[in-house]
Each structure stands twice: as C-alpha cells, then as structure tokens.
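Please read this briefing alongside the sequence and the coordinates. It takes up charged pairs, helix packing and a few individual residues in turn.

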Amino acid sequence: MEWLIWVGAAMSLLGLAGLFWCILRVWSARRSGLEDAALREAVRKVVPLNMAALMLSVFGLVMVVVGIFLN
C-alpha cells in the first residue's frame, strides 16, 4: 500500500498549491483597490475553488493515513 501514501501525498500537495493560489488571488484583489461590491464578487468566485482545494488536501491526507495503517 505504499502507492496509496505517495498518491495521497501528491493529492495533498496539489490541494495545498490550490489553497495558496486562492490566497494570492484574494490578496491581489484586495491590493488592487476594488470597491466593496467588486471585492465581494472576486472573493465569492474564489470560495468554491478554495473549498475544492481544501477537500482535495483533506482526501490526500486521509489516503496517507490509510496507507500508513495498511502498510
């Protein structure tokens, strides 16, 4: 079950990269000086991607833990 650990680690790293991308996206929107409504719209668009990246990271970590237990 060693492959499960490596696949889970890769998934977790992809999710972490997605989280950093979401942070940078919102940070750049805040720094651009958008009005309140435009900033809310930018954040609203990023929230589903943020949740998907978080879930991908969580599933990857679960796969790592399961792989360690089964190894």
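Arg40 and Asp36 are both exposed, and in this predicted model their side chains meet in a salt bridge with an N to O distance of 3.2 Å. The two residues belong to helix 2, where they are four residues apart, about one turn of the helix. A search of the whole structure finds two salt bridges, and the points below begin with the other pairing, that of Glu41 with Arg44.

**Charged side chains**

- The side chains of Glu41 and Arg44 form a salt bridge at 2.5 Å, N to O, and both residues lie in helix 2, three residues apart, which is again about one turn of the helix.
- Glu41 is classed as partly exposed because its relative accessible area is 33%, whereas Arg44 counts as exposed because its relative accessibility is 52%.
- In an α-helix there are 3.6 residues a turn, so residues three or four places apart point the same way.
- Arg31 takes part in a contact of another kind, in that its charged end sits over the ring of Trp27, 5.6 Å from the centre of that ring.
- As for rings facing one another, a search of the whole structure finds zero aromatic pairs.

**Helix 1 and what covers it**

- Helix 1 runs over residues 2-31, and its 30 residues reach 44 Å from the first C-alpha to the last, close to the 44 Å expected at 1.5 Å a residue.
- The buried residues of helix 1 are Leu4, Ile5, Gly8, Ser12, Gly15, Gly18, Leu19, Cys22 and Ala29, and what covers them includes helix 2, residues 36-70.
- After helix 1 comes Gly33, whose phi is positive, near 75°.

- Ser12, in helix 1, is counted as buried because its relative accessible area is 13%, and, not counting residues up to four places away in sequence, Ser12 touches Leu56, Ser57, Gly60 and Leu61.
- Ser57, in helix 2, is likewise buried because its relative accessible area is 11%, and, leaving aside neighbours within four places in sequence, Ser57 is in contact with Met11, Ser12, Gly15 and Leu16.

**Val62 in helix 2**

- Val62 is found in helix 2 and counts as partly exposed because its relative accessibility is 46%.
- Between Val62 and Val43 there are 19 residues of separation in sequence and 28 Å in space, taken from C-alpha to C-alpha.

Notes: Residues numbered from 1 in each chain as written. Predicted model: local features only at pLDDT ≥ 70, side-chain atom pairs only at ≥ 80, totals over all residues. Heavy atoms only, no water. Expected span 1.5 Å × (residues − 1). Buried < 20%, exposed > 50% of the residue type's maximum accessible area, 1.4 Å probe, protein only. Contact = heavy atoms within 4.5 Å. Phe/Tyr/Trp six-rings, centres within 6.5 Å; stacked < 30°, edge-to-face > 60°. Lys NZ or Arg CZ within 6 Å of the ring centre and 35° of its normal. Salt bridge = Lys/Arg side-chain N within 4 Å of Asp/Glu carboxyl O.
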